[in-house]
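Please look over the sequence and the structure shown here before reading the briefing that follows.

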Amino acid sequence: MDIKDLIALGDKLLYIDEAKFRQIVELLEQMGDHPDIQRTIAVIRPRMVELRIHRRPTMKRLFCDPFEDLFEALDSAAPLPLSVIERTLMNSLWPLVEEKIGRAKLKGYHGALHDGPQRDNIADAFWMDAAEVMAGLSAGSEAGRFDGAMELRLNPDRVRAIADIATILSIAPEIRDLKAVLSPKPVTKLHKDHIDGVRDIGRKVARARPEALKIFVLVAAARLSNPSILLGGLHDMDFGQKPAERGKLLMELTDTVVGQIEDRSRSLKATPDAVPDRLAVADLAVDLVASLDATRNAVELTRNKAFDQRLKEVRHSIHDMVKTQVIADADSGIVTAVARLTGGTNDKAQLLEAENQARALRKCATIADSLGLRGELKTVTQKATGSLTDQARKALAAGPTGSTSRAGFTAIRMIELLSGPAEANKLMDEILSKGPR
Amino acid sequence: MRSLTNFAPSTFEERGAAVAFTTPVLAQTRVRKDSREQLEVLIPNLSEGRGIYVVPWKSLPLAFPMTAHDRMLHDLIAKGEGCSPDDIRKAVLSAARCGLAGPHAVEAAEAALGDDEEQRLLINYQLIVEALKSAGLESTDILRAGLASAEGQKLTRDLMSKAAGKLGMDPPELYARIAELAGYMESIGLATSPKPARLRRLMRDLNSFRDSMTEWATDNVSEAAPIGGFCAEVAEHTVNHARNVMTQLDQSVAAFETLLRQWDVKRGVVRKATTRLSWLLDGWEYLIVLWADAVTRSRHEQDMAVNEIFRVIPLLPRDEARIELALAAEKLLSNNRRSVRAYVDWRSGQLDVDLVMRIETIKGRAA
């Protein structure tokens, strides 16, 4: 197959059967590191991750191994790492690293790509070399400048990412141990063995390169399903630092975690052009409140008041999001969709939207107390349930086989989605036992 | 993990017919009649416990919180006459149609009922053509005039009277036999049909399910792989049985003249074969769609789907299968125990709305 044909396939590759997909990935790998191939791989990467395709080991892949957890997430729903490294940046950096180390010397490191007793030692030596090169690049990088060698404009994030890569490579052997402790990724709950493992490796890092401890913890957080879990866990970890240093590290981390929650809380803002799906907003809100509570508990342990205001603001922003995008007008949306059925129209799209509204309201019931929205949610739910009950009674007055019975049953379904099956069943029994059943 | 597989029914009636409930713990559980002809339901995997819970049908709403749709379905089945797969399907479609399982279910149920109606017309026409053919008469004129038109119907009546004469029976007798046969064959259709009927389509899909599951289980290192392999094996046995029954049935119908002449003897054979087919393929629609949905998802979700399929897989009864599938399933279970499966939201103990929504979507596609 010609390279052009393969690239032309683009996202169609996401839908071909698994065996063929694996073959094509193998083929692409053999074709080398051409920019077109990199683009195609970028398109199909989510599926490669999904299928856990074992990629051919290369020096570039070995170079990325210590910091791969910080690459931007492929799934938009997945939480971002607390400190992100762009893949494009890495792609620009690798040729420079390759050049600086020298092809002849790199060849000597090829033993790290194959199983064998010397593998780890060779890999450590390679990372050490790569760390030195990266430290040089980091020292010469300046924000705002266009870097000719990298063919990239260096913004502050990229300058920070280059420095992070240099630091991570300098503690690459410890990161390898950390990955073994926190695996398989993502870890959803921190158990004692996780905490002990991270603490022991963290102590080693704190002794040898104290400045690398923060990024080490960020890599650890990136291996968790929710980075804020680690904040709570950190209080049980003593890295052997002085109290002031420990406090500073915790502050920095909390700052990063809170910053991320702030960013996420802004991610689903309604704009005049697009209103996000209510159910998606409800899911995000439930998730954010969980992160917020975990962070709050961790912050309380530090007795540091600095974050209280920021956390309050985040809670306020979630409160607004739920209020304006889930609760507002939910009752009329649901009731109108059902009323239309009585009129004989069968607007499926509107009905499905109303179902999503009802589900979103019910989801938000679990966080309403913590957001101080219990009263408003209750009012909207009661109002909707009341109108729906009236609609159901009216539509089912002629019995379950009457001409308007579907509208009646749909109203009962909405009540079920809003308030649970017990309420809906009670109403259905009450209406149908009176009428000609 | 427990499953319906650890009880080994002898007959289809003992196995029961699958009911498309949307309450997660009750999804695809089976209903049957007890020794006093009262309905009862078999619930596997309750709280990961051993064995199968047998609950009287009437007590089901008291024992489990059910969705409003399931309450309606429960009521319709209780009021219905029987609990064969066809009876259950009828109840499931009318419950879905009322709107309690959402607009997708309404649409799917109406499409299924429309398809049934279309098949009914098609099979009637095809059987009339077969009857005329066996009497040596041409049927193209009817087609030209249209079966539903007055002219077409008159032409059909005339030709059928002639055919009845040639076959040596009264026209009403011939009509009655064809109508009865059409009733039996409605869900299967004729082998020569331009549009395969429901059970033929289902058999084809079950074949694909087996292939897809076998492919998935081969070279797969997941713990669910042996379970997937077993599911593929059950599908294979079911397909083989169904294919045998279908072939015999097609042969009987192909010899149409003999079938009509020896109706008193042959009707029993046809009825038995069609009933057996509907029992054999009962419960697979949902599992096929569940799997088709899972193959596009992550590995973990595929493992979960395989376990869910295994939980309610329709094993062939002992009297049908030459090999002991229940024994094989029990062996598999002892090697693959799982600990926790949640059907409820672990925080609130309430119904898991996302899970109900997923079941409703799959049910919509499987109708």
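**Strands of chain B**

In chain B, strand E1 (residues 17–18) pairs with strand E2 (residues 30–33) in the antiparallel sense over two bridges; strands (E, at least two residues) and helices (H or I, at least four) are DSSP runs numbered from the N terminus, and two strands pair if DSSP finds at least two bridges between them. This is a predicted model, in which local features need pLDDT of at least 70 and side-chain atom pairs count only at pLDDT 80 or more, while totals for chains, interfaces and linings use all residues. Residues are numbered from 1 along each chain as its sequence is written, and chains are lettered from A in the order in which they are written.

**Contact between the chains**

- Chain A gives 22 residues to the contact and chain B gives 17 residues, where two residues are in contact if their C-beta atoms, placed from the backbone, lie within 7 Å.
- On the side of chain A that touches chain B, the elements giving two or more residues are helices H17 (348–371), H19 (405–419) and H20 (421–434) of chain A.

**Around A:Val219**

- Leaving aside neighbours within four places in sequence, A:Val219 is in contact with A:Asp69, A:Leu70, A:Ile168, A:Ile175 and A:Leu178.
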